[in-house]
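Please go through this model with me, from the whole chain down to single residues.

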Amino acid sequence: MKLIIAEKPSLARAIRDVVGKEYQVTNAFGHILELAEPDEYTPADVPVNSKTGKKRWRTEDLPIFPDKWIKHPKLDAKEQLMKIKGLLNEADLVVNAGDPDREGQLLIDEILEYCRYRGPVQRVWLASLDETSVKKAFANLKDNKEYRALSQAAEARSQADWVVGMNLTRAWTIQNSGLLSVGRVQTPTLALVVRRDIEIEMFKPRDFFEVVAHFHHQNGDFLAKWKPAENDSPGFDEEGRLVDRVLADKIAAKAIGQGRVSRYEAKDSKQSAPLPFSLSALQKAASAKFGMSANQVLETAQALYEKKITSYPRTDARYLPEEQHGDADRILAALPIPDQLKAKVSANRKHAAWNTGKVTAHHAIIPTGESASGLSDAEEKIYDLIWKSYAALFLPDYLCKAISVAVALGGEQWTASGRLDMDRGWKALYGADVVEDDDEDGDEKASLPSMLNGDLVTGQKGEARAKQTKPPKRFTDGLLIDAMSNIHKFVTDPAAKAKLKETSGIGTEATRANILETLVKRGFVERKGKQIISTTTGRSLIRALPADLTDPVTTARWEDHLTSIADGKLDPAKFMGAIQQMVREQLGKVTSSVSVAGGKSGGGSGGAKKAGPTCPDCKTATIILKTKTGKPFCKCEKCGSAWWPDRSDSKKLGSKWEARK
């Protein structure tokens with residue numbers, strides 16, 4: 001029997017529909033095995049918490065570095081694992097049909113290892129689930145051994161997150177007598193939000209002035225800005241902004257009278273459609289346009305993939321393999337392109353996005369050409385972004401005249417620039433709602449009359465417009481995902497910035513949305529409308545932790561190391577050795593750090609604690625802590641129960657906080 005093990009039921013159904021006559025098909029439910037908890041690696045004589053039934057967290061048990069990693073089936077997956085094991089006993093050949101990424105590779109590999117299957121294994125790489133793509137993938141099966149390094153990278157990621165999270169979370173929780181979650185990716189991501197929020201709150205707006213002139217030319221009126229000959233003279237700040245109101249008014253007064261066009265340029269310019277989406281680019285666009293969270297976008301894109309409508313979503317690539325260009329006719333025919341644009345669509349057009357050399361493990365997210373009916377509102381929105389990004393590749397370039405003009409008047413120089421549409425090209429697909437890449441030029445689309453060098457113009461009036469500097473924007477889901485993907489933008493060291501620009505980000509396309517949701521669930525950040533804002537607890541944690549633990553550069557370089565493992569260039573043991581050494585160093589810093597609750601650490605014994613009323617269950621004193629919003633509550637260290645203080649007498653316990661168990 002030839003057996004296919006798919007990552008999840010929906011993937012199994014899609015495969016069965018195409019090759020079900022040739023193979024037996026079964027599936028996992030995502031990861032059905034998980035790493036054992038620290039209790040299995042700590043001494044047998046560690047006291048048990050009577051409330052949780054688990055061993056108590058103690059400083060003397062740290063660090064916990066398993067010599068041999070233990071995995072167990074998840075409770076809700078035991079039955080399915082036994083089913084898979086039974087099928088493996090009869091299998092002559094197995095096909096690993098995990099999702100096409102390192103986690104998908106490990107997910108099936110670890111099942112085979114747990115079940116001790118030793119027969120031949122092949123790998124199918126399914127970038128799309130439509131019938132054509134599935135047939136192509138099964139015609140190109142590879143030996144699963146070729147992907148061993150990919151599996152090792154996923155295992156190293158899992159073990160590194162366990163070692164960092166379990167040890168440092170326990171250390172900081174013990175010190176502060178309250179759960180403080182520390183993570184390899186989560187913590188530096190939180191630091192980005194905290195530092196942005198503090199920067200905004202500390203920001204002090206500065207006044208400056210922009211001087212503009214209203215001009216009349218025989219072909220029409222236009223505005224132009226004053227361009228100083230130099231901006232390091234008195235009246236300007238250190239960034240070249242005009243801050244002297246008197247000087248601004250004097251210059252504005254010169255904008256009246258006869259002037260002359262000293263330069264007029266109208267250059268033909270063209271702009272190709274933006275590259276199709278990677279997951280992070282899609283999350284950024286959907287956050288800006290629809291206010292969708294990163295996790296919503298990922299789940300919706302995954303649903304579209306499982307419905308065979310779009311390709312695999314967890315991709316960091318924005319390019320497409322050249323060998324798939326031949327599918328364009330079939331895919332374009334299925335897209336809802338407006339009738340007035342269909343004549344302009346050419347399947348033969350070769351956009352720069354078609355570049356096999358720039359495709360990583362996956363190509364950009366594109367439609368498959370399957371019918372897209374019966375979609376939910378969220379699916380409609382995401383599908384609209386995806387299909388338009390693909391169709392735009394086959395429409396003409398946007399053509400315009402890039403216009404710039406300079407006028408000499410009153411001994412000063414006045415400049416204006418703009419663009420004049422000649423052919424909307426691919427932009428016509430979007431109407432007025434065009435989402436453009438950040439690296440496009442920022443010229444305003446100004447209406448400028450046609451002129452010639454030397455033409456006379458009349459300055460009708462000048463204005464000194466009062467302006468203020470603005471603080472940076474709050475993070476949204478899209479902006480934070482973009483920041484995690486482009487961490488070099490937040491690094492000041494030139495050498496590190498250059499290195500990180502080439503290679504690194506925090507987390508991966510597959511994990512970033514989940515990291516963000518974890519920060520929300522644990523009360524470190526909260527959403528207010530589109531904005532993501534750090535909470536008091538989140539800020540306190542970042543303030544207390546050593547700088548190198550919150551430094552995104554460290555985490556980004558770890559991601560590079562994981563990529564090197566996946567490429568077969570780095571021994572996983574060497575990577576784990578470095579992670580363990582970092583944890584040892586961090587544990588040494590815990591006892592000398594400031595407690596999140598305030599005050600100095602108590603040498604690992606729990607920090608400075610204020611005693612509260614006696615716990616009625618354990619007859620021991622509680623300790624007084626604060627919620628993330630600053631409200632006091634009482635917690636029993638022995639049984640873990642929590643109470644609100646009595647409103648009339650703070651020396652007594654009030655109602656029990658049942659939700660905090």
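pLDDT is the predictor's confidence in each residue, from 0 to 100. This is a predicted model, in which local features need pLDDT of at least 70, side-chain atom pairs count only at pLDDT 80 or more, and totals for chains, interfaces and linings use all residues. Residues are numbered from 1 along each chain as its sequence is written, and side-chain values use heavy atoms, with hydrogens and water left out.

Q: What pLDDT does the protein average?
A: Of the residues, 93% score at least 70. The average pLDDT of the protein is 89.

Q: Over which residues does pLDDT stay under 50, with 23 contacts beyond four places in sequence in the model?
A: A contact means heavy atoms within 4.5 Å. One stretch with pLDDT under 50, residues 438–444, has 10 contacts beyond four places in sequence. Where pLDDT is low, the predicted coordinates should not be read in detail. The stretch with 23 such contacts is residues 597–608.

Q: What percentage of the residues of the protein count as buried?
A: Buried means under 20% relative accessible area, exposed over 50%, and partly exposed in between (1.4 Å probe, protein chains only). The protein has 661 residues. The buried share of them is 51%.

Q: Is asparagine 27 buried or exposed?
A: Asparagine 27 is found in strand 2 (residues 24–27); strands (E, at least two residues) and helices (H or I, at least four) are DSSP runs, numbered from the N terminus. Beyond four places in sequence, its contacts include Ala6, Pro9, Gln80 and Ile84. Because its relative accessible area is 11%, asparagine 27 counts as buried.

Q: Where does lysine 530 lie?
A: The protein has 19 helices and 21 strands. Strand 15 covers 525–528 and strand 16 covers 531–534. Lysine 530 lies in the loop between strand 15 and strand 16.

Q: How far apart in space are lysine 530 and glycine 478, C-alpha to C-alpha?
A: In sequence, lysine 530 and glycine 478 are 52 residues apart. Contacts of lysine 530 beyond four places in sequence include Phe475, Thr476 and Asp477. The C-alpha to C-alpha distance between lysine 530 and glycine 478 is 9.2 Å.

Q: Which residue has its backbone oxygen reached by the side chain of lysine 530 at 2.9 Å?
A: Lysine 530 is partly exposed, with a relative accessible area of 42%. Its contacts beyond four places in sequence include Ser287 and Gly291. The backbone oxygen that its side chain reaches at 2.9 Å belongs to alanine 288.

Definitions and conventions: Polar contact = N/O pair within 3.5 Å; in protein donor to acceptor, adjacent residues only side chain to side chain.
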